[in-house]
Amino acid sequence: MSELKIKNSGDTIEVKSVYCVGKNYIDHINEMNVPGIANEVPDIPVIFLKPSSAICGEGTIVYVPVINGKKISANLQNEVELVIVIGKDAENIQEKNANDYILGYAVGIDFTLRDLQNEMKKKGKPWAVAKGFKTSSPVSEVVRKEEIENAESLDISLKINSETKQSANTSQMIFKISFIVHYLSCIFGLKRGDIIFTGTPAGITKLNAGDKVSGEIQNIGKINVSIG
Ligand code: MG
């Protein structure tokens, strides 16, 4: 069972489904330009899911899975993201009411095995392994929405060994928070404890063992992990 702590309270929330939006910042779409892989700006959100076992917390050692003594990837990369935490069950939420169903927000890192993801994209196969492995998804404490003035205008950044590699603002998201909540609720329905990774800005970087990775969002906080 994966649980997130709610900041400034003794409360926790159990993570249920983990939804992720891909390609939600233009500068990241541009940097993902890999020959042989279609790379358009999406007109509907690109959605994928992770198992809740992928969720981990502060101080986690993130590692590439090993099978028969061999790492399954040679290219682990960082993606810092604003995470929406759903507070109430609902289906078919209208955009104008989306905020009523949000409990709060957290900082997440959507670690990705980029070589495997690109290989699967080329073959037209699912990316579940590249995105959903154990330790792939550190998430910070949750800050209640009432403590955040405007989640659609927050500085978001990520440092590797104290050097800034990602730096943007959530206002640059192509699909906005209220639309993402509306869209997912119409397709899947949303449950209390569902969380939504909302996409990463540019600055994805190949990580090495021993790297210290720190994601930060203004008014929310930080998540710090290291690479094993
Ligand atoms: Mg991502």
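This is a predicted model: local features need pLDDT of at least 70, side-chain atom pairs count only at pLDDT 80 or more; totals for chains, interfaces and linings use all residues.
## Nonpolar cores

Let us start on the inside. The largest nonpolar core is made of 45 residues. Leu 76, Tyr 105, Phe 111, Val 181, Ile 196 and Ile 220 have the most contacts inside this core. Two or more residues each come from β3 (18-22), β10 (80-86), β11 (102-109), β15 (155-160), α4 (177-187), β18 (212-217) and β19 (221-227).

## Helix α2 and its surroundings

Helix α2 spans residues 114-123. Among its residues, Arg 114, Leu 116, Gln 117 and Asn 118 are buried. What do the buried residues of α2 pack against? Their partners are β9 (76-77), β12 and α3 (128-132). After the helix comes Gly 124, with a positive phi near 70°.

Beyond residues up to four places away in sequence, Gln 117 touches Met 32, Thr 112, Trp 127, Ala 130 and Lys 131.

## Salt bridges

There are 7 salt bridges in the structure. One of the pairs is Lys 50 with Asp 110, whose closest N and O atoms are 2.7 Å apart. This pair links distant parts of the chain, with Lys 50 in strand β4 (residues 46-50) and Asp 110 in the loop between β11 and β12 (112-113), 60 residues apart. Are these two residues buried or exposed? Lys 50 is buried because its relative accessible area is 5%, and Asp 110 is buried because its relative accessibility is 1%. Both belong to a network of salt bridges that also includes Glu 79, Arg 114 and Lys 131.

Arg 144 and Asp 11 form another salt bridge, at 3.3 Å from N to O. Here too, distant parts of the chain are linked: Arg 144 sits in strand β14 (residues 143-144) and Asp 11 in the loop between β1 (3-5) and β2 (12-14), 133 residues apart. Arg 144 is partly exposed, at 26% relative accessibility, and Asp 11 is partly exposed as well, at 40%. The side chains of Lys 165 and Glu 163 also meet in a salt bridge, at 3.4 Å from N to O. Lys 165 is partly exposed, with a relative accessible area of 32%, and Glu 163 is partly exposed, with 46%.

## Aromatic rings and a surface patch

The structure has 4 aromatic pairs. One of them joins Phe 175 and Phe 179, with 5.8 Å between the ring centres and 25° between the planes, and this pair is stacked. Phe 175 counts as buried because its relative accessibility is 10%, while Phe 179 is partly exposed, at 23%. Together with Tyr 183, these two residues make up one aromatic cluster.

On the surface, Leu 49, Ile 187 and Phe 188 form a nonpolar patch with about 280 Å² of accessible area together. Phe 188 lies in the loop between α4 and β17 (195-197). With 41% relative accessibility, Phe 188 counts as partly exposed.

Most residues other than glycine have a negative phi. Which residues have a positive phi of about 50° although they are not glycine? Asn 68 and Asn 92 are two of them.

Asn 68 is in the loop between β7 (66-67) and β8 (70-71). Its relative accessibility is 80%, so Asn 68 counts as exposed. Asn 92 is in the loop between β10 and β11, and Asn 92 is exposed, with a relative accessible area of 53%.

Technical notes
Residues are numbered from 1 along each chain as its sequence is written. Side-chain values use heavy atoms; hydrogens and water are left out. A nonpolar core is a set of buried Ala, Val, Leu, Ile, Met, Phe, Trp, Tyr and Cys residues joined through side-chain atoms within 4.5 Å. Buried means under 20% relative accessible area, exposed over 50%, partly exposed in between (1.4 Å probe, protein chains only). Helices (H or I, at least four residues) and strands (E, at least two) are DSSP runs, numbered from the N terminus. Patches are made of residues with over 30% relative accessible area and no salt bridge: like charges are joined within 9 Å, nonpolar side chains (Val, Leu, Ile, Met, Phe, Trp, Tyr) within 5 Å. Accessible areas come from the Shrake-Rupley method with a 1.4 Å probe; for residues, only the protein chains shown count as cover. A salt bridge is a side-chain nitrogen of Lys or Arg within 4 Å of a carboxyl oxygen of Asp or Glu. Rings of Phe, Tyr and Trp (its six-membered ring) pair if their centres lie within 6.5 Å; planes under 30 degrees apart count as stacked, over 60 as edge-to-face and the rest as tilted. Contact means heavy atoms within 4.5 Å.
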